[in-house]
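Here is a short briefing on one protein chain. Please read it with the structure open beside you.

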Amino acid sequence: MAKEIVDAMAMQRALTRITYEIIEKNKGINNLVIVGIKTRGVFIAERIAQRLQQLENAQIPVAQLDISTYRDDATDRGSKAELDIDIDGKRVILVDDVLYTGRTIRAALDALMDNGRPAVVNLAVLVDRGHRELPIRADFVGKNIPTAAAERINVNVTEIDGVDSVEIR
């Protein structure tokens with residue numbers, strides 16, 4: 001049974017807060033790029049970029065990162081992930097929907113490094129649910145939701161699911 005813990009308005013407020021924190025921490029948006037981890041991280045990244053454009057009147061490059069071949073549980077070690085933007089010397093905001101064990105972020109960092117050498121990488125997540133297995137911490141968090149290991153967090157985005165919400169199961 002799913003229980004909605006974040007509705008569309010709360011999600012919008014969380015993403016707006018993350019956007020302001022990104023501007024503040026980076027002292028503006030110069031040299032900034034946003035990389036969303038497929039799948040839902042991409043939509044969240046695009047929303048943050050849109051909000052940055054509204055606030056700072058400048059367009060921020062957004063890329064999609066497929067980390068499937070970088071996962072430590074992947075059996076197919078295919079080709080490296082390709083980004084369609086240059087990250088060398090840039091301030092990269094890596095975006096995902098949920099931070100859990102840290103393994104997805106570790107894989108994403110490996111994929112980023114295969115594509116260049118950023119000046120800085122910051123992590124933005126909509127939900128941090130705890131239970132880390134690796135020493136990884138988000139710089140920008142929309143909502144901390146402590147969970148039991150057996151529980152699941154589902155992030156729904158309008159672009160895929162027809163609704164914006166976060167549910168716990």
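Helices (H or I, at least four residues) and strands (E, at least two) are DSSP runs, numbered from the N terminus. This is a predicted model, in which local features need pLDDT of at least 70 and side-chain atom pairs count only at pLDDT 80 or more, while totals for chains, interfaces and linings use all residues. Residues are numbered from 1 along each chain as its sequence is written, and side-chain values use heavy atoms, with hydrogens and water left out.

- Asparagine 57 sits in the loop between α2 and β3.
- Its phi is near 55°, a positive value in a residue other than glycine.
- Asparagine 57 counts as exposed because its relative accessibility is 71%. The scale is this: buried means under 20% relative accessible area, exposed means over 50%, and partly exposed lies in between (1.4 Å probe, protein chains only).
- Asparagine 31 also has a positive phi, about 65°, although it is not a glycine. Its place is the loop between α1 and β2.
- Asparagine 31 counts as partly exposed, because its relative accessibility is 39%.
- Lysine 38 and threonine 39 are joined by a cis peptide bond, with omega at about 10°. Threonine 39 belongs to the loop between β2 and α2.

**Salt bridges**

- A salt bridge is a side-chain nitrogen of Lys or Arg within 4 Å of a carboxyl oxygen of Asp or Glu. The count by this rule is 10.
- One of them pairs arginine 47 with aspartate 164, and the closest N and O atoms are 2.8 Å apart. Arginine 47 lies in helix α2 (residues 40-56) and aspartate 164 in the loop between α4 and β8 (165-168), so the pair ties together parts that are 117 residues apart in sequence.
- Are arginine 47 and aspartate 164 buried or exposed? Both are buried.
- Another salt bridge links arginine 103 and aspartate 72, with 2.4 Å between the closest N and O atoms. Arginine 103 is in helix α3 (residues 103-113), while aspartate 72 is in the loop between β3 (62-65) and β4 (91-99), so this pair ties together parts that are 31 residues apart in sequence.
- Arginine 103 is partly exposed, with a relative accessible area of 29%. Aspartate 72 is partly exposed too, at 39%.
- Arginine 106 and aspartate 110 also meet in a salt bridge, at 2.3 Å from N to O. Both lie in helix α3, 4 residues apart, which is about one turn of the helix.
- Arginine 106 has a relative accessible area of 23%, so it is partly exposed. Aspartate 110 is partly exposed as well, at 34%.
- Salt bridges that share partners join Arg47, Glu159 and Asp164 into one network.

**Nonpolar cores**

- A nonpolar core is a set of buried Ala, Val, Leu, Ile, Met, Phe, Trp, Tyr and Cys residues joined through side-chain atoms within 4.5 Å.
- In soluble globular proteins, nonpolar side chains tend to be buried together.
- The largest nonpolar core has 30 residues; Ile34, Ile48, Leu126, Val155 and Val166 touch the most other members.
- Seven elements each supply at least two residues of this core: α1 (8-25), β2 (32-37), α2, β4, β5 (120-128), β7 (153-156) and β8.
- Which residues does isoleucine 48 touch, not counting residues up to four places away in sequence? They are Leu15, Ile18, Thr19, Ile22, Ile34 and Val95. Such a contact means heavy atoms within 4.5 Å.
- A second, separate core has 24 residues, including Leu65, Ala81, Val92 and Ala111.

**Isoleucine 160**

- Isoleucine 160 is placed in helix α4 (residues 158-161). It counts as partly exposed because its relative accessibility is 38%.
- Leaving out residues up to four places away in sequence, isoleucine 160 touches Thr39, Arg40 and Phe43.
- Isoleucine 160 and phenylalanine 43 are 117 residues apart in sequence, yet 9.1 Å apart in space, C-alpha to C-alpha.

**A charge over a ring**

- The charged end of arginine 129 sits over the ring of tyrosine 100, 3.9 Å from its centre. The rule asks for NZ of Lys or CZ of Arg within 6 Å of the ring centre and within 35 degrees of the ring normal.
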